[in-house]
Amino acid sequence: MTKPLANIKVLIVGAGFAGLTAAIETRKRGASVILFDSSTTRRQLGDIISFGSNSGRIFLSWPGVEEKLDPLCHHSDGLEFRAYDDTYLTTQKWDAEVNYGKRFNGHRGEIHEAVWDHAVSLGVDIRLGCKVTEYFETDSEAGVIVNGEKFTADVVLAGDGVRSTARTIVLGFEDKPKSSGYAVYRAWMGTEGLKANPLTEWLADPSIDHHVGWLGPDVHFLVATLQKGTACSWVLTHKDDADIEESWSTPGSIPDAIAAVKDWAPIVHAIIGATPPSSLIDWKLVFRDPLPTWISPKSRIALIGDAAHPFLPTSIQGASQSMEDGVAAAVCLEQATKGDGGVQEALKAYEKIRYPRVLATQRTGVTNRDNWHKADFDQVKKNPESVKLPREAWILNFDVAKHTYDVYEETVKSLKED
């Protein structure tokens, strides 16, 4: 049987989770897919990344991926909260979310590799060392210039990140990122150093994955262990007003990270001190004002993932929403080709379906951060439940494919009425 997108050519820019998901979902519906990425190797640096149950169900829909991810991922039943002086506050259990579906948290590079391999197994043509320098479109096609060579297709999906080149053609002007006023020290490391210190050796327990968060005025420090006590990831979010014009990710300094939590409990200093200097990254958190549109003037190029909507880490939804974009775009293309709407109808519907959900989810990054960073810690110790993360059913208990199928027809109808 002919697949619904068998006659559609798709170009995707950026092999992050948005781009790979879009590639997998359009390819499995029959599209011819080329995915360009400027990196010269497939190796993904980074540390822990979180996928909520809303994106977990996407992983589960891809045969063999769950089995690859399970041994790599963090498996804890909750998050233990402590104050900066190591006073125990409360533990947030995840048992209320069991009915939402499965979560996946692990090393960005290892999860990325499993998804990449699945895309390749489906026949996605991934081309590395391919820097896109220009996007263009006509009424009948869209395309990119890659290393001086012209490529055309029916549609271009641009997942080229927070400094997206595609944003310029979509908006008609260059839209520069802004500092959020915060930065994150991030590390992924083995647990040898933790085992050597009586303060931290319990974190390297091979029988249990730990997840602990220390909270203080305008700073939070989260630690997770995984892979049978052999791996540890930590993040320290703090105030930082540095200019992010040139770079937003640089090697971190152990003394600087310790200075950001100067008066905190010794165990926090010990965890940071056990970090190999080469494992520490100083990552400036950037944001952009919500875009007025994610699609180009002729509706043949669409932004997906961070190119459309960068998230703060405290939303715990950036990667998940990027994956939702990829699925929604593929479903919209499928539905449009069943009728007479075509690619342009599909991209308009994609934007209209995704925009309000993404915008509402983005806002949780600010509210979650401020709930921790702006808290009165005398009051927190009296009411420790106040630091728990809101785990909203409307975000997590969500099937983006089903939702897109369900609302596509009415969305197209409303577009025609606008």
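This is a predicted model: local features need pLDDT of at least 70, side-chain atom pairs count only at pLDDT 80 or more; totals for chains, interfaces and linings use all residues.
Residues are numbered from 1 along each chain as its sequence is written. Local features need pLDDT of at least 70, side-chain atom pairs count only at pLDDT 80 or more, and totals for chains, interfaces and linings use all residues; side-chain values use heavy atoms, with hydrogens and water left out.

**Exercise 1.** Locate domain 1 and domain 2 in the protein chain.

Solution. 
- Start with the bounds, which come from an automatic or database domain assignment.
- Domain 1 covers 9-76 + 103-175 + 289-417, and domain 2 covers 179-286.
- Next, take the C-alpha centres: they are 27 Å apart.
- Then look at the contact (heavy atoms within 4.5 Å). Domain 1 gives 24 residues and domain 2 gives 30 residues.

**Exercise 2.** Find how much area the two domains bury between them.

Solution. 
- Buried area is the accessible area (1.4 Å probe) lost by two parts on being put together, summed over both.
- Here the value is about 2,100 Å², with 61% on carbon and sulfur atoms.
- Asp47, Arg163 and His373 supply 29% of what domain 1 buries against domain 2, more than any other three residues.

**Exercise 3.** Find the salt bridges across the interface of domain 1 and domain 2.

Solution. 
- Apply the rule: a side-chain nitrogen of Lys or Arg within 4 Å of a carboxyl oxygen of Asp or Glu.
- The rule finds 2 salt bridges across this interface.
- Now check a pair: Lys374 forms a salt bridge with Asp218, and their closest N and O atoms are 3.4 Å apart.
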